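Biologist: I would like to learn how to read charge pairs and surface patches in a model. Please take me through one case.

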Amino acid sequence: MRILLNAIFEKDFRKSSHAFQTNKGCHTALNQIWMEFGKVNWFIEGDIDKQYPSIDHKTLIKLLRCKIQDEPFIDLVYKYLRVGYGETTRIKPMKVGLAQGGLISPILSNIYMDVLDV
């Protein structure tokens with residue numbers, strides 16, 4: 001699923017986005033700052049607090065449907081979103097948010113946040 005989502009969406013992500021992308025990270029972000037702005041004394045890094053727990057499943061599925069017409073694949077992603085987490089006596093399904101540490105959570109987060117980048 002991660003490979004397919006990367007193949008479909010990663011090419012459309014902004015050049016300035018460096019989070020959770022193939023061959024990108026903090027070093028490529030710093031290099032881009034250096035190449036585009038020269039020597040700078042200050043820059044501000046942004047971090048969205050509680051980003052993963054606040055992602056709305058319906059909005060994310062709408063974003064996926066913009067580029068993916070394979071309904072069984074969309075259904076599989078939706079099941080991944082709803083899988084839930086264990087409590088002491090039962091599994092509680094997730095109604096909102098992504099599982100932190102999930103294999104496809106980073107790419108789903110990038111798809112969701114790309115709208116903010118644009």
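Predicted model: local features only at pLDDT ≥ 70, side-chain atom pairs only at ≥ 80, totals over all residues.

Biologist: What do Asp75 and Lys79 form?

Modeller: The general idea is that side chains of opposite charge can pair when their charged atoms come close. Here Asp75 forms a salt bridge with Lys79, with the closest N and O atoms 3.4 Å apart. Asp75 is partly exposed at 37% relative accessibility, and Lys79 is exposed at 53%.

Biologist: How many salt bridges does the count come to?

Modeller: Three, counting a Lys or Arg side-chain nitrogen within 4 Å of an Asp or Glu carboxyl oxygen. In another of them, Asp12 pairs with Lys67, and the closest N and O atoms are 1.9 Å apart.

Biologist: Which side chain meets Arg65 in a salt bridge?

Modeller: That of Glu71, at 2.7 Å from N to O. Glu71 is partly exposed, at 39% relative accessibility, and Arg65 is partly exposed too, at 42%.

Biologist: Which residues make the nonpolar surface patch?

Modeller: Leu30, Phe37, Val40 and Phe43 make a patch of about 390 Å². Phe37 lies in helix H2, residues 26–37.

Biologist: Is Phe37 buried or exposed?

Modeller: Exposed: Phe37 has a relative accessible area of 57%, and the cut-off for exposed is over 50%.

How values were computed: Residues numbered from 1 in each chain as written. Heavy atoms only, no water. Patch = residues over 30% accessible without salt bridge, like charges linked within 9 Å, V, L, I, M, F, W, Y side chains within 5 Å. Areas by Shrake-Rupley, 256 points an atom, 1.4 Å probe, with all protein chains shown as cover. Helix = DSSP H or I, 4+ residues; strand = E, 2+ residues; numbered from the N terminus. Buried < 20%, exposed > 50% of the residue type's maximum accessible area, 1.4 Å probe, protein only.
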